[in-house]
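The following questions and answers work through one structure step by step. Please examine the sequence and the three-dimensional view before reading on.

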Amino acid sequence: METENTAPAKLPKLLLATRNRHKTREIQTMLGEGVLVTDATEAGNLPEIEETGTTFEENSKLKAEGISLHVRGIVLADDSGLEVDALGKQPGVYSARYAGPGCIDEANTSLVLERMSGVPHEQRTARFRCVLAVAENGVTMAVFDGTVEGILATEVRGEGGFGYDPIFMPLGYAETFGELSSEVKHTMSHRSRALVQFKEWWAARKS
Ligand code: IMP
């Protein structure tokens, strides 16, 4: 007698080149249930890729290409940070380690505020940037770039978010990302904007 196969169809998989479970959950939520998102913590035995690039694009490609050589299927990697115009777009790719290797967020924000001390409001323009790279078999297939423009506050404000959130006021707001809710931040963040582009690319590729 034949039995009916009720097993769910195999979902397409996407591997994230990150060990940050928060990013994995965020991306799974954005992409919905039609894709199974895994990451380097689940894949095991993946090499650490050194971020030796001088741009977000270089670093995201290094990670996506490097990891995709060790797994089957498509790999997505991101690199993000803060660009301050009056500091020549620093801290940029050094955002996580601006005040020194292994430093805490508060040391980084203090150093930016110190270097921006006395700089007038109209010259305090900055943006968060997130670049996503997609690769397979060591070759980049696409790159997406999301930004949110803003102004640097003159002091730390708010308890929410992480990194430079307490000193960044998105354009049109008098509050910092540290004061705004995470829902408001996600409607306009650099990461959400890059992910929207990736989602369109992923959907077009599947159809
Ligand atoms: P990553 O590339 O996402 O790991 O981010 C590198 C660094 O950029 C972080 O350690 C933060 O200092 C900064 N950064 C990236 N995204 C954000 C954000 O949404 N808010 C505040 N800081 C951020």
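A residue is called buried when its relative accessible area is under 20%, and exposed when that area is over 50%. The model discussed here is predicted.

Q: Which residues of α1 are buried, and within what arc do they fall?
A: The buried residues of α1 are Lys-23, Thr-24, Glu-26, Ile-27 and Leu-31. Viewed down the axis of α1, these residues line one face of the helix, because they fall within an arc of 165°.

Q: Which residues are exposed on the other side of α1?
A: Buried residues of α1 include Lys-23 and Ile-27. On the other side of this helix, the residues over the 50% cut-off are Arg-25 and Thr-29.

Q: At the start of α1, the backbone nitrogen of which residue lies within 2.9 Å of a side-chain oxygen of Asn-20?
A: The helix α1 spans residues 21-31. At its start, a side-chain oxygen of Asn-20 comes to within 2.9 Å of a backbone nitrogen, that of His-22.

Q: Which element supplies the largest share of the lining of the largest cavity?
A: The largest cavity holds about 70 Å³ of space. At least two lining residues come from each of α1, β3 (74-84) and α6 (190-206). The largest share, three residues, is supplied by β3.

Q: How many charged residues does the lining of the largest cavity have?
A: Among the lining residues are Lys-23, Asp-78 and Arg-191, and each of these types counts as charged. By class, the lining has seven nonpolar residues and one polar residue, and the number of charged residues is three.

How values were computed. Residues are numbered from 1 along each chain as its sequence is written. This is a predicted model: local features need pLDDT of at least 70, side-chain atom pairs count only at pLDDT 80 or more; totals for chains, interfaces and linings use all residues. Side-chain values use heavy atoms; hydrogens and water are left out. On a 1 Å grid over the protein atoms alone, a cavity is a set of points where a 1.4 Å probe fits but cannot get out, and a pocket is an open set with protein on both sides within 12 Å along at least five of seven lines; lining residues have an atom within 4 Å of a point. Grid points are joined across faces, edges and corners, and a volume is the space filled by probe spheres set on the points. Helices (H or I, at least four residues) and strands (E, at least two) are DSSP runs, numbered from the N terminus. Buried means under 20% relative accessible area, exposed over 50%, partly exposed in between (1.4 Å probe, protein chains only). The arc is that of the directions from the helix axis to the C-beta atoms. A polar contact is a pair of N or O atoms within 3.5 Å; within protein, one must be able to donate a hydrogen and the other to accept it, and residues adjacent in sequence count only if both atoms are side-chain atoms.
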